[in-house]
Amino acid sequence: HMSIDLNKMIVSNSGVIRTITSLAKMRSSNTVGLWFNTVNIQIDQGMLFSDRLDFLINDFVHLCLWGKTNLVNRTLRMNLGVTSDTLYSVFGIQNLPSDYVIKIPIKGSFEKPKIDAAGASAKILALSAFQSGEGLGAIISGVISQFQKDKDIPPPKRPFPWEGKVKTRQESNQQGNIFDFFK
């Protein structure tokens, strides 16, 4: 059992991080700042179990990560969470509870992780349709309202180290196509 506090880091804007910053339409640079809360980890018989790790990219994109990793056969069964702050700032989706999170499963190997982008796109589309609340949006949201509610999201460990220091719920300055997030 251990707790790890990574605090703040400056990392290369490459790989998965570049994908996230591009999708969030963040200004391009060679490095990005990451700010983490404390994460609790347990390792037992080659399995690493992690509780919820919230992190903030460039004081703008708030995501979380939790799940388990098999260190012996190098496979993942993790989840990436897109928080209500990010759904508002990036996609303009309003009126979500502050603790709302879209869960995106990550499975596969360390070398080839597979992210369920189609499922995440469907959930974001449902939220966007629900937001409009009229016409086809009302029909779609009524049909898939149960689909978009994930019940096994671990609670956040508050306060986050950035609370009171940065404003994560920024006004959305674009109404981009939600499918741009998964290109």
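Buried means under 20% relative accessible area, exposed over 50% and partly exposed in between, with a 1.4 Å probe and protein chains only. This is a predicted model, in which local features need pLDDT of at least 70 and side-chain atom pairs count only at pLDDT 80 or more, while totals for chains, interfaces and linings use all residues. Residues are numbered from 1 along each chain as its sequence is written, and side-chain values use heavy atoms, without hydrogens or water.

**View A. Asp-51 pairs with Lys-157 in a salt bridge.** The term means a side-chain nitrogen of Lys or Arg within 4 Å of a carboxyl oxygen of Asp or Glu. The closest N and O atoms are 3.0 Å apart. Asp-51 is in strand β5 and Lys-157 in the segment after α4 (136–144), so the pair ties together parts 106 residues apart in sequence. Strands (E, at least two residues) and helices (H or I, at least four) are DSSP runs, numbered from the N terminus. Asp-51 is partly exposed, at 25% relative accessible area. Lys-157 is partly exposed too, also at 25%.

**View B. Asp-54 forms a salt bridge with Arg-52.** Their closest N and O atoms lie 2.8 Å apart. Asp-54 is buried, with a relative accessible area of 0%. Arg-52 counts as buried at 3%.

**View C. Glu-111 forms a salt bridge with Arg-74.** The closest N and O atoms are 2.8 Å apart. Glu-111 sits in the loop between β8 (101–109) and β9, Arg-74 in the loop between β6 and β7, 37 residues apart. Glu-111 counts as exposed at 54% relative accessibility. Arg-74 is partly exposed, at 39%.
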